[in-house]
Amino acid sequence: MRVPGSVIVAGIVATLMILAAIVAPAIAPYDPTDMATYNLIDSELPPVWTGEGDARFPLGTDNQGRDLLSAIIYGARVSVGIGGAAVLLAATIGVSLGLLAGYFGGWIDAVVMRAGDIIMSFPTILLALLVSGLARALMPDGGSVGWTPFILIGAIAIHDWVQYARTVRAAAMVEGAKDYVKAARVIGLPGRRIMLHHILPNVMSPVLVIATINLAGAVLTEATLSFLGVGMPPNYPSLGTLIRIGNEFVFSGIWWIALFPAITLVILVLAVNMVGDHLRDRFNPKLRGRS
Amino acid sequence: MSQRIFRSLPPVAAMLAVAAAALSAAGAADAKTLKWSSQGDIATFDPYAHTESFTSNMHHHVYDPLVRRSRSLEIEPALATKWSSVAPDRWRFELRRGVKFHNGNAFTADDVVASITRLLDPDARARGNLSNVAKAERVDDYTVDFVTKGPYPLLLNDLSGIFIMDKEWLEANNALKPGNLTTGATTYASTNANGTGPFKLVSYQPDSRTVLEVNTGWWDKPAHNLTRIEFRPIKSDATRVAALLSGEIDMIAPAPLQDLARIGATSGFKVIEEPSLRLIFLGLNWRPELVGQPGVKNPLLDLKVRQALWHAIDLDTIQRRVMRGKSRNVGTMVAPPVPGYSAGLDQPLAFDAAKAKALLTEAGYPSGFKVNLSCPNDRYINDEQTCVAVAGMWSRLGLQVDLKTESRATYFPKVDKGETDIYMLGWATLPPMDGYSVLSALMATRKGGFGGNNPNGLSDPAVDDLATKSAVELDETKRRAMLTESFRIAREKVYFLPLHQQPVAWATKSNVELPQFADEYVRLWFAKVD
Amino acid sequence: MSATPLALEIVDLRVEYPMADGTAFVAVDGVSVSIAPGEIHALVGESGAGKTTVGNAVMGLLEAPGRVTGGAMRIAGVVVDPATGRAPGIEPGRDIGAIFQDPMTSLNPLFTVESQITETLRHHLGMDRRQSSAKALDLLRAVGIPEPERRLRAYPHQLSGGQRQRVVIAAALSCNPRLLVADEPTTALDVSIQSQILKLLRGLADDRGLGILLVTHNMGVVAEIADRVTIMHRGVAVESGPVVEVLDAPRHDYARSLIGAVPRIDVTLPRFAVPGEEAEAAEGARAELRRRAGEQTGAAEGELLRVEDLVVDYRGRGGSFRAVDGVGFSVRAGEVFGLVGESGCGKTTIANAIAGLVKPTAGRVLHRGRPIAAAGTRRPLQMIFQDPYSSLNARMRVGATLVEPILFYRLAASAREAAEDAALLLEAVGLERTAVERYPHAFSGGQRQRISIARALSARPSLLICDEPTSSLDVSIQAQILNLLKDLRDATGLTLLLISHDLAVIRQMCDRVAVMKAGRIVEEAPTETLFGAPTHAYTRELLSLVPSPRPKRRTA
Amino acid sequence: MLAVTAVAFLMFRYVGDPVRAMAREDSSVEERQELARALGLDQPVAVQYGKFVARVVALDFGISYRNHRPVAALIGERLPATLEIVFVATVLALAFGVPLGVLCALRPDGLAARAVQAVSLIGISTPTFVVGIALILVFAVTLKVLPSFGRGEVVTLGWWTTGFLTPSGIASLVLPSVTLCLFQMTLIMRLVRSEMIDVLSTDYIRFARARGLPRRYIHFKLALRNALMPVITVTGLQIGSLVAFAIVTETVFQWPGMGLLFIQAIYFVDIPVMAAYLLFVGFLFVFLNTVVDVLYALVDPRLRVRS
């Protein structure tokens, strides 16, 4: 199947952005998380091409005098890190529960799916808001920077796992009825081995698709949470935090503080979504070979 | 297919046209109507069922107190014309004659007694606003005595925030007792109002619109020319500014600092601003160990450390950059108009990074220490940004600052429970508008009625002594001297790190004239619209 | 020939599918077919022969990007424009009808039978509501649907498979077309319904002078109703002529082997005459297997498997359904025991119960007199399945698939020894040793079925349950697999339980047969007895319905 | 639903301290303790929860800590506002999503389809808050053709207030509902597209083609109907998330609906309002599920017989 050029471009963009995020300390000019490195004196410098900027800060600085380029690279790192970890956590939980539910059925299935229904009856943002509020209040040092990413990861994953569980359950039920699984059962292999060795590898394709699309969603959810003020703190900003900070300046002519992080976020999510979309079409047998 | 899509476009175009028509119609409305917006809404119209200063502010347009703040924030007669202290625990008020409530009922001493009784009911949320009053007694139709629990120097200050309701109206609507949260009882007075104030309540739709119209029978000579006020709360800063700039409303209060330049530069709009009474400072942990560093001796107990922290804050830069030149840097705990203020104390420790470093080294922390800095992110003007700036400055001093910012809903309970080490607070000394409020609530040891906002164990016998004495001192000069003395001690020992007075900034259309007040109240009975 | 034009005339048709690399795949290469009115012309061939493509080309329904690149077609005498795929004045649906293989999916589930018939009438014949309703009723009567008035308002899911196919035919014939393209019209149906539908088609051809292009893989169907036949192989028509001539005396090699591969129901043959016999390696490998089997269990005689009063209930939403209702039989060591019956009769459920895949509601399954219970005791009973594409784990190498049971049951001392065993098994089923390195997708359906057999053998079973092992394979592959099973049985003394709906396969393979109907065994007998002198009425009926690949002498 | 009450209760126990939000800034410690007693917060959590459930069962959600008014009345006041934008957003999402989805399915490689696909991807990749602010900037501040906030003039019909009957009410609906619908529209469009592609490759559509029925008839009368079946489910269930998504939209546009009420409640730690809102969302989900099931049964003959 031919991969459209746009998807290749999206894939490259997504990979580059994620790579940049991973190696942020190596490529960013400054470390925006080290509060000692920036100075209020440098605050709100416009991008360098406007003529009023400073060569040290190619995209200008934010209201704290932080280099915006570095802040965006580190912000993407935080966003991608939290999004990726949330996806990983959600996928691990969802795949395990989905496998159990799909293969064994019965009460395990009923409990898992009912729990999923309840979770799904609360929209992502609402649930994440509540979870993060709860976590902050319950943990001894809940408001701390150290814990925030984990709270966010949990808050996002608690909603997203359901999708994996449902998909994997359905796939596991389909696969479980297939003859190769019957053959494995006839051989007498134990259930655990059949699940992990036979069914799991065969249900991973849809999981991959969901994971890709969820990565985009998780990054967006994290951004929205940060936008609402319950996400990453300003001294350890994610892209959403940067947009929230910048949003206060949209009417004041200091457009770059909001614009560049927003563009970065949209491009990142868009690129990941395009790849995910392509994967989804590719794994959908009915669409295969059509385009 | 594409034709199909275009065919469905006309409805949208029609909607746009209708919308445009609606907007121009709104523009042609009565010129004496003032539409304005703030970020919060009126919580309730029952003046005794809340403690929010913004809601009080709105009530002031409909209800009058016995005494009120003048244009220069002095206390002046309102529903009471004269008063005197007839005994240390008894004040006598003469009431204004010929005043009528909006429903036409006459205002008499019975209304004052009923109002105070209602306010002092255990179910009334605002009871604490007049906590030292025991009762009000009718002397004759136009004379009322207030019996206090002891000498009460701040009675007038407190009364300026107590609105008088109509006894007959309360009786008629079965609202003589305030609502009760436990039983779920609510009152007619929550959504309706019948005061003596300059405006009458026409309609009240929470989060949407509150309409007032002028009270032509007001006892005072109006300084305003309004016939109607429409209040439209808008929570989001960006939307509120957009609503002003698009011409849908005439005024926004507050206006976000970062948008002032843009609004001021737009023709047809102007910005008015002045320093508020609200003073922003950092509070400190006074217990043996830090919350964030259990088992380690609290470095903040060392005066040199506290001085170093103060010296390390570059207030001028924060003022210029974060507060956009709109704030006023301070060195003491009250703003200039507040009793107890002394200009001599109002000098922050100068920004001096080298000195700060030296002090820190002297104190035995040459390489700094680890400390939490906690801030709200939705309570004070640019609160979070201020904290980020301070954290940056302290990082350069060598401290490892763990900055925590969160919403007021979770932040303040933490501060209250003493779960913070260095925390931001703002204090406006409202409602009494007196330095005693700082002394009793922030500085005195937490005990009895004192130290309600002193959660982290600050305790100084000298300060406590001043607090107890000033509470009952009726000689105003001596009382103010005591307050000033307490602030001197606080500054010398660096009990707090005062930062700045935050600004009051409003933006209006050019045709709106109104004075601004340091207590952040919007007093539209002084507003004029051309 | 009368003056009426031929219903269909195809000369030298060529259909190509352009490929991504610029070349073209030639799906149909120079095929010629002509159909007179009232004539049924069968296109037969195995999958990939291009027979369906010819049908689609006639309908003008070639799937993109396929296109006609050569030859000429005439429908009812009108030349088809190669550019548009349409003949002027000839409307698909009005002048050409089409029916497809699966009646379950050919009807839109959301619309009534009436609306699906009348929409065609209204569009092509401009009838109004009442006229078209009346006509639809007539059509349902004509295709022999009971209670047509009630069926008219029914939705497809309320009809049985046979009724649905009748509705499909009614809809296809609603405008009295001159030509009907029937693509595997009975493949998804049971023999009894198949026979009715075939009779219906024959009747329509005879009564209405309808020309039918019958696309099928089933020689029995061809022999039953077709007048002429064209055998296709890889896009080419290898032989064409009257059914009697072609089936009885095929001249072309491929035609001959194809016909020879069709299992015969009238006589038992020792082997299927198909080309491609195994290499010597297979013989050696089988001998080695036999040696090991002997070492382990000893050549056993007597009863190997016994099923007693087996009852299986399925619990569904609408109460429970009894799939197997008190079945008992026994299988002797070394024999091939057949279970035959129509779909839904419970034969697969029995297989699953023996293999431990479903829990019996009542009754016992005994292996050498001992009940089959927990894991670990199941090793002697292994199974092969119908669909070769789903019976192998696509994510595991063939070697890993075979080694898994060997290691699980510790049938080899080391992983290396197990790998050696796996290679041996592959040789025994006629594959290369190197196949261990590859993934299942690299193999054809027949090869995969061989791998499935090898996997079953890797656990060294004494009984191999074969559930419809060849019903999704082409006839020549079926013949190879059946030959393989016979050879394995002969070489290793394996016992087979063969489950099939195909009476001919049963006849060729089995020593004894049990016939099932609605969860019960109605008759059990040695094969020759059963086919020679069936005692039960149902058995007789079944046998009479099977289309024999020997053409009936009939006049064209 | 019991699970929902437990979740609602537990979470709000910890999201903040209502006493602090309610008490005066310079209130004394005693004053606050007294307030906590009045709110019943000094009792054990189990007792509090028991009382909470007992009241909820009696449909008594208590009174708002902040407004001193019955929570049921507050929700009732805000319900029309939220339901109206959710309704308009759903209608818009369907009105544009379905035709665009069909377009993309029928001409998957056409220019229009590609453009729509690209825009839809951007649509789901852009956060709602960014879209809302951008719309305000363009249509309210720059072009001044649409109001930036609020509901405009509303007409009261019984207990329901509607913005549909006044020009300013309709104008006010445009920006928030467009903002709210974008994501749903994209979702529906993509769903219709993939369903339609699936349906077009089914046997019954092939059979319909073989019967020579016109393309338009096959696409819009037959295939679309099949393709729309899952859209019913998704649209139904998405209405639930629209109500929740309205939190962000209502905040941006100061739309006086339940989302705004909820955000204000969080801000002021108004527990009864938060709990009631959460219960409402849970109830809405159950309700919508039922509606979807009933609708399905009405539309799909296969289910009609069974039920």
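Axes here are lines fitted to C-alpha atoms, for helices over the stretch in contact, and angles run from 0 to 180 degrees between N-to-C directions. The model is predicted.

Q: At what angle do helix 10 of chain A and helix 6 of chain D pack, and which word describes their orientation?
A: The axes of helix 10 (residues 256–283) of chain A and helix 6 (residues 111–125) of chain D lie 9 Å apart, at an angle of about 125 degrees. Angles over 145 count as roughly antiparallel and 65 to 115 as roughly perpendicular, with the rest oblique. Helix 10 of chain A and helix 6 of chain D are therefore oblique.

Q: How many nonpolar, polar and charged residues does the contact of helix 10 of chain A with helix 6 of chain D have?
A: Helix 10 of chain A contributes Val266(A), Val269(A), Leu270(A), Asn273(A), Met274(A) and Asp277(A) to the contact. From helix 6 of chain D come Leu121(D), Ile122(D), Ile124(D) and Ser125(D). By class the contact has one charged, two polar and seven nonpolar residues.

Q: Which element of chain A has the lowest mean pLDDT?
A: Chain A has a mean pLDDT of 81, with 92% of its residues at 70 or more. Among its elements, helix 3 (residues 68–104) of chain A has the highest mean, 90. The lowest, 70, belongs to helix 5 (residues 124–138) of chain A.

Q: Which chains share the most contacts?
A: Chain B and chain C are joined by no contact, and their closest C-alpha atoms lie 22 Å apart. Five pairs of chains are in contact, and the most contacts are shared by chains B and D.

Terms used
Residues are numbered from 1 along each chain as its sequence is written. Chains are lettered from A and ligands numbered from 1 in the order in which they are written. This is a predicted model: local features need pLDDT of at least 70, side-chain atom pairs count only at pLDDT 80 or more; totals for chains, interfaces and linings use all residues. Helices (H or I, at least four residues) and strands (E, at least two) are DSSP runs, numbered from the N terminus. Angles under 35 degrees count as roughly parallel, over 145 as roughly antiparallel, 65 to 115 as roughly perpendicular and the rest as oblique. Two residues are in contact if their C-beta atoms, placed from the backbone, lie within 7 Å. Ala, Val, Leu, Ile, Met, Phe, Trp, Tyr, Cys and Pro count as nonpolar, Asp, Glu, Lys and Arg as charged, and the others, Gly among them, as polar. pLDDT is the predictor's confidence in each residue, from 0 to 100.
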